[in-house]
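Good morning, and thank you for the time on today's agenda. I would like to take you through one protein model, from the overall fold to a few individual residues.

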Amino acid sequence: MLSVKLIVCDMAGTSVRDDREVEMVFLNAIKNTGLHADEKEVNAMMGWSKIKVFQTLWAKALGERHPAFAEKVNESYQVFTELLEHHYRTADLAPTVGALELFAFCKQNGIKVALTTGFYRKVTDIILERLGWMQGLNADYLAESADAIIDCSVSSSDVAEGRPAPDMIFLAMKKLNITQASEVINIGDTPSDLLSGKSAGVKLALGVANGTHTYEELNALPNDGILPTVGHLIELLKQQ
């Protein structure tokens, strides 16, 4: 067994099924607020803090010093949040293949699981509640009972910088009293997941190829392996 104490796992596209629905929400918000961006450009920013996406796009369109910059960012972001919250309240939600099995394996083997996400806290909570993953978590989103599905939840609004910065990984470690990044595996389906893992200096920065990005797209970045699904991490742990 690897000397691993914590798995930091992305949500949408990694542990929560996403058929590029979040990307479509972005594109609708972009279209509805007078921005211009194609699917490839938006897809490259999946995993980021969501407001950072609109800051980046409006900076490109207007420049950060434009007097309307902040107003336009806020307008696009507000439209996006309305669409996103409606989506996650009404869409069919399900774990990705192997996610629940990974959570159970980690619990049986004394490995903590923290879920991180580029979503802000309100949407994160909607997803956790609908999937039953809020079970056993306290007000600080830490497991406080034996029936908890996960051990910790961290959203981009809980930290100063979302991905690709390592802040969410470090906060999860702090909450779970993990002091060494060499005892942590980070896994996600976007380039920003890989970059944040590498930036944090984790033992393994892994990608999954059944989310928003292909094997080829992810493997073009520094990584320690690209898995077919998050469930394949179980076999990787068993083989060490």
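This is a predicted model: local features need pLDDT of at least 70, side-chain atom pairs count only at pLDDT 80 or more; totals for chains, interfaces and linings use all residues.

Residues are numbered from 1 along each chain as its sequence is written, and side-chain values use heavy atoms, with hydrogens and water left out.

First, the overall fold. The protein chain has 10 helices and six strands; helices (H or I, at least four residues) and strands (E, at least two) are DSSP runs, numbered from the N terminus. Its radius of gyration is 17 Å, which agrees with the value near 18 Å that a compact globule of 240 residues would have. That radius is taken over C-alpha atoms, and the globule rule is 2.2 Å times the number of residues to the power 0.38. Along the principal axes, the C-alpha atoms fill a box of roughly 55 × 35 × 30 Å.

Of the 240 residues, 55% count as buried, where buried means under 20% relative accessible area, exposed over 50%, and partly exposed in between (1.4 Å probe, protein chains only). Contact means heavy atoms within 4.5 Å. Among contacts between residues at least 6 apart in sequence, 64% join residues at least 24 apart.

Next, the helices. What does helix α7 bury, and against which elements? The buried residues of α7 (residues 167-175) are Met-168, Ile-169, Leu-171, Ala-172 and Met-173. They pack against the strands β1 (6-10), β2 (112-117), β3 (152-155) and β4 (184-188), and against helix α8. After α7 comes Asn-177, whose phi is positive, near 60°.

Glu-101, Leu-102 and Phe-105 of α5 make the contact with Leu-233, Ile-234, Leu-237 and Lys-238 of α10. These residues divide into five nonpolar, no polar and two charged. Here Ala, Val, Leu, Ile, Met, Phe, Trp, Tyr, Cys and Pro count as nonpolar, Asp, Glu, Lys and Arg as charged, and the others, Gly among them, as polar.

Now the cysteines. How many disulfides does a search of the whole structure find? The search finds zero, a disulfide being a pair of cysteine sulfur atoms within 2.5 Å. The sulfur of Cys-9 has its closest cysteine sulfur in Cys-106, and at 8.9 Å this is too far for a bond. For Cys-152, the closest cysteine sulfur is that of Cys-9, at 13 Å, again too far. Cys-9 is buried, at 0% relative accessibility, and Cys-152 is buried with a relative accessible area of 0%.

Finally, two single residues. Asn-43 lies in helix α2 (residues 39-43) and is buried, at 5% relative accessibility. Beyond its neighbours within four places in sequence, Asn-43 contacts Arg-20, Glu-23, Thr-212, His-213 and Glu-217. Pro-191 lies in helix α8 (residues 191-200) and is buried at 13%. With neighbours within four places likewise set aside, Pro-191 contacts His-213, Leu-218 and Leu-221.
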